[in-house]
Amino acid sequence: MENKEKRKVLQKDRTISFVIIVLALAGFLVAVALDVRPVITVILALLTPVATYEIIKAVGGKSKVLFTVACTVSLFTVLSYGFGIALPSASVLYGVYVLLLMSLMVFFHNKIEFTHVSAAFIASLALPFAFTCFLRLNNIADWFTGYTHDAGVFFVGLAFSCSWFTDTFAYVVGVKFGKHKMAPVISPKKSIEGAIGGVVITAAVNVLILYLFTIGCRNLYGYELFGASAMKFLYIIPISMALSLVSMLGDLSASVIKRNFGIKDYGKLIPGHGGIMDRFDSCIFVAPTLYCILSLISSF
């Protein structure tokens, strides 16, 4: 009876958290649609240091000094990009940052290990880049000719779609038809059948979303969504499939870290869902990949 009550409480927490996540995502997408860049920047800047903290803690880091330095760097990196703050040469900053982290490891050698420093360095630089890719996608019209702001809105939505729909549909298909384990040691519940179903169904959903976006822009504003850009309608299928595969790679990579260090979740910020990294592990792989794909397409 006690276990049954615990499951009910957990399910309730997961449901409430899910509703909050959906509302938060809706609010974020509204800010993206309205192109309120300061709001978008602040939201991403708040997520990044939390994710950085979770990564360092996951590998066993406990030093408040290391947390403070790494989280401050990740926060300021997002803010500086979002608000266009001019910084010195990147190579100089990286060099100073490495020296600072090595110095912390020496002075606090009883608390800070090389593993902690390595995790802090990678997380505090890789995560800001990944999260600012949502800004880059939103501002796609500023980067490449032929794109409109509405195309940027679509690309931001596409990144979330491939990240979260792939996982959702893979789970649903896997429960019903899954027989062959995809990564039995890393993630026992994932199946090859589920992965295929997640990739295919997500691609179909993204085609539908693109169609509705295209019709909406044509009827409301009188122009084609992608204008004269190299992005064509049928590109969405291979792009969606590629991003879905990258999404699964991100999910499995995050699972490997958790398994290596013996933790279930990265945090407890979102009751029933874990931490920021538990929800955004796929996104931080998908957004940069999508931006790179668009860069390649625009170069032809």
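## Cysteines and disulfides

A disulfide is defined here as a pair of cysteine sulfur atoms within 2.5 Å. By this rule the predicted model contains zero disulfides. For Cys71, the closest cysteine sulfur is that of Cys283 at 19 Å, which is too far for a bond. The sulfur of Cys162 likewise has its closest cysteine sulfur in Cys283, at 10 Å, again too far for a bond.

Buried denotes under 20% relative accessible area, exposed over 50% and partly exposed in between, with a 1.4 Å probe and protein chains only. Cys71 counts as buried because its relative accessibility is 15%. Cys162 is also buried, with a relative accessible area of 0%.

## The second largest pocket

A pocket is an open set of points on a 1 Å grid over the protein atoms alone, where a 1.4 Å probe fits, with protein on both sides within 12 Å along at least five of seven lines; lining residues have an atom within 4 Å of a point. The second largest pocket has a volume of about 510 Å³, taken as the space filled by probe spheres set on the points, which are joined across faces, edges and corners. Its lining comprises 18 residues, of which Thr77, Leu87, Leu93, Tyr94 and Leu125 are the closest to the centre.

Two or more lining residues come from each of α3 (64–82), α4 (90–107) and α5 (114–138), helices being DSSP runs of H or I with at least four residues, numbered from the N terminus. The largest contribution, six residues, is that of α3.

## Basis of the values

Residues are numbered from 1 along each chain as its sequence is written, and side-chain values use heavy atoms, without hydrogens or water. In this predicted model, local features need pLDDT of at least 70 and side-chain atom pairs count only at pLDDT 80 or more, whereas totals for chains, interfaces and linings use all residues.
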